[in-house]
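Could you walk me through this model in my viewer, one selection at a time? I would like to know what to click on next and what is there.

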Amino acid sequence: MNRDVHARCVKLSLKGKEKAKFIEHVHRDDHVEHIKRHACHYFLELVNNDFPTTDGVLCAGQHEFDFTFTLPEYIPASFYFHEKHHADKPYAVVKYTLKAEIEGTGMAYKQTLIIREKPVPFVVG
């Protein structure tokens, strides 16, 4: 930041979202019905404790905040599918976003995270 900002705190959040869009082709007696389907669902939302500012001011400059999020074991890995060359252009995504927000200012930064599946134990013999 290049200037001081009046703010109560900096808030960190991590969200997991799944989204899909496709066309379902339903065969009726004498025709095919094309039904557009789409869905969006947030399945994970973790909020880290607020990082308070000093006297309600976040000073100009670069800031670092130590934080951790413990991810649940059940969450799916990141995923992206988009078939641009198919007439229906199906689309599916599982996406994770980390957001740092300076409360009360409208200032925020988002970063997409790649989450991989937990490795499966490999046993020989």
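## First stop: Ser13

Start by selecting Ser13, which you will find in strand β2 (residues 9–27); strands here are DSSP runs of E with at least two residues, numbered from the N terminus. The model is a predicted one, where local features need pLDDT of at least 70 and side-chain atom pairs count only at pLDDT 80 or more, while totals for chains, interfaces and linings use all residues. Residues are numbered from 1 along each chain as its sequence is written, and side-chain values use heavy atoms, with hydrogens and water left out.

Ser13 is buried, at a relative accessible area of 9% (buried is under 20%, exposed over 50%, partly exposed in between, with a 1.4 Å probe and protein chains only). Now show its contacts, meaning heavy atoms within 4.5 Å: leaving aside residues up to four places away in sequence, Ser13 touches Leu46, Val47, Phe69, Thr97, Leu98 and Lys99.

## Aromatic rings

Next, display the aromatic side chains; there are four aromatic pairs in the structure. Rings of Phe, Tyr and Trp (its six-membered ring) pair if their centres lie within 6.5 Å, and planes under 30 degrees apart count as stacked, over 60 as edge-to-face and the rest as tilted.

Select Phe51 and Phe65: their ring centres are 4.9 Å apart with the planes at 40 degrees, so this pair is tilted. Phe51 belongs to strand β4 (residues 51–52) and Phe65 to the loop between β5 (57–58) and β6 (79–82), so the pair ties together parts 14 residues apart in sequence. Phe51 is buried, with a relative accessible area of 17%, and Phe65 is partly exposed, at 29%.

Move on to Tyr80 and Tyr91, an edge-to-face pair at 5.9 Å centre to centre and 80 degrees between the planes. This pair links distant parts of the chain, with Tyr80 in strand β6 and Tyr91 in strand β7 (residues 91–102), 11 residues apart. Tyr80 is exposed, with a relative accessible area of 55%, whereas Tyr91 is partly exposed, at 22%.

## A charge over a ring

Then pick Lys15 and Tyr42: the charged end of Lys15 sits over the Tyr42 ring, 5.4 Å from its centre (NZ of Lys or CZ of Arg must be within 6 Å of the ring centre and within 35 degrees of the ring normal).

Key
Helices (H or I, at least four residues) and strands (E, at least two) are DSSP runs, numbered from the N terminus.
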